[in-house]
Amino acid sequence: MTEYNIAKPFLKWAGGKTQLISEIARVLPKHITRTNFTYIEPFVGSGAVLFWMLHNFPHLKKAIINDINEDLINTYRTIASKPKELISILQILQNEYHNLEGNEEDKKSYYYQKRELYNLRKEEQIGQAALFIFLNRTCFNGLYRVNRRNEYNVPMGGYKKPTICDNENILAVSNALQKVEILCGDFEQTLDFSEQNSLFYFDPPYKPLSETSSFNSYAKDVFNDNEQIRLKEFCSKLDLLNHTWILSNSDVKGKDDSVHFFDDLYADFNIQRVEARRSINANPEKRGVLTELLITNQVNSKEYVRVI
Ligand SMILES: C[S@@+](CC[C@H](N)C(=O)[O-])C[C@H]1O[C@@H](n2cnc3c(N)ncnc32)[C@H](O)[C@@H]1O
């Protein structure tokens, strides 16, 4: 039998949840340790919580992931079905890029040439996924940002010989994804794939703390306040259907005491404030400790979480 490493996120992604996992673990419903359950993550991004769940609950019946970003989902699907072919392309990209180390001009033109190729979206599935991972590993701060025409427009990052091809992790992720159904589209479609008593974890694009401060444009469509309200309505529907959900979002009230947006919106549910550290921020001084919201429809979760 093949031994795999523990699968971990294969991308850097804004809002990556690695820092918040211990807090999320504390609000998990008790029944999931005893029963086979379905785990659903409608805004999967880099999947930090997904991989943690898959590792810690090996008996979970199945998992369903979804994201609106087609290129991201294409990459998940490629890793799940063709990891070896993907590795062989990534290995070539890594060798070529590393060989240019020390020659900034050549490195730059290599990066921008690959970015252009990616934006043509003419490569077949595996080639496009390889370019997606290459850009994520070599771009500025691991950002994913596209313009209205869905063209990726992040500049090159300053990393020296970044790991572009992590063979062992790609194989581990591929193995972990075998029991995961991978969907692409709006978060609401995940309800059609739920089973009785499913557990949903929502990590939507966060509401910006101020007009200019925050980055929340992962896709060509903006996730504005109306979208946040639509998400809350979806959560209320899940509650009526007896599903359990946990949701993270920014703590706009923590920043400005007069803003009660989430406190009002989720007044019927459990709202907790937890410490979180943001790692993707262009300004290192802003990478400090922030509070974030963890909201759940579980009645007894308060006792498990340190409220600050
Ligand atoms: C905060 S990120 C998720 C971060 C993720 N949990 C992680 O650990 O990296 C939000 C994700 O929501 C996706 N998204 C935005 N609008 C969406 C929608 N309407 N339906 C589904 N996904 C959406 C974005 O493409 C992005 O990947």
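Author: The chain holds 10 helices and 7 strands, and the model described here is a predicted one. Buried residues make up 37% of its 308 residues, and among contacts with a separation of 6 or more, 73% join residues 24 or more positions apart.

Reader: Why is Leu 238 called buried?

Author: A residue is buried if 20 or more other C-beta atoms lie within 10 Å of its own. Leu 238 has 20 other C-beta atoms within 10 Å, and therefore it counts as buried. This residue is found in helix H8, which covers residues 225–240.

Reader: Which residues is Leu 238 in contact with, leaving aside its neighbours within four places in sequence?

Author: Leu 238 is in contact with Phe 200, His 243 and Trp 245, where a contact requires C-beta atoms within 7 Å. Leu 238 and Asn 297 are 59 residues apart in sequence, while their C-alpha atoms are 9.3 Å apart in space.

Reader: How do you know that the buried residues of H3 line one face of the helix?

Author: The buried residues of H3 are Asp 71, Leu 72, Thr 75, Tyr 76, Thr 78 and Ile 79. Seen down the axis of H3, these buried residues fall within an arc of 165 degrees, so they line one face of the helix. They pack against several elements, including helix H4 (83–99), helix H6 (125–138) and strand S3 (180–184).

Reader: Why is H6 described as largely enclosed by the rest of the structure?

Author: Of the 14 residues of H6, 11 are buried, and so the helix is largely enclosed by the rest of the structure. Among these buried residues are Ile 126, Phe 132, Phe 134, Asn 136 and Arg 137, and what covers the buried residues of H6 includes H3, H4 and helix H5 (104–120). The span of H6 also agrees with expectation, because its 14 residues should span 20 Å and its end C-alpha atoms are 20 Å apart.

Reader: What makes Glu 85 partly exposed?

Author: The class of partly exposed residues lies between the cut-offs of 12 or fewer neighbours for exposed and 20 or more for buried. Glu 85 has 15 C-beta neighbours inside 10 Å, and therefore it counts as partly exposed.

Reader: Why is Lys 161 called exposed, and why is Asn 150 called partly exposed?

Author: Lys 161 has 11 C-beta neighbours inside 10 Å, so it counts as exposed, since the limit for that class is 12 or fewer. Asn 150 has 14 other C-beta atoms within 10 Å and is therefore partly exposed. Lys 161 lies in the loop between H6 and H7, and Asn 150 is found in the loop between H6 and H7 as well. Phi is near 45 degrees for Lys 161, a positive value in a residue other than glycine, and Phi of Asn 150, near 65 degrees, is likewise a positive value in a residue other than glycine.

Reader: Which of the residues around the ligand come nearest?

Author: Of the 22 residues around the ligand, Gly 15, Phe 43, Gly 45, Ser 46 and Asp 203 come nearest. Helix H2 (48–56) and strand S2 (62–67) are the elements that give two or more residues to this shell. By class, the shell has 12 nonpolar, 6 polar and 4 charged residues.

Note on methods:
Residues numbered from 1 in each chain as written. Predicted model: local features only at pLDDT ≥ 70, side-chain atom pairs only at ≥ 80, totals over all residues. Near = placed C-beta within 6 Å. Helix = DSSP H or I, 4+ residues; strand = E, 2+ residues; numbered from the N terminus. Nonpolar A, V, L, I, M, F, W, Y, C, P; charged D, E, K, R; others polar. Contact = placed C-beta atoms within 7 Å. Arc of directions from axis to C-beta. Expected span 1.5 Å × (residues − 1).
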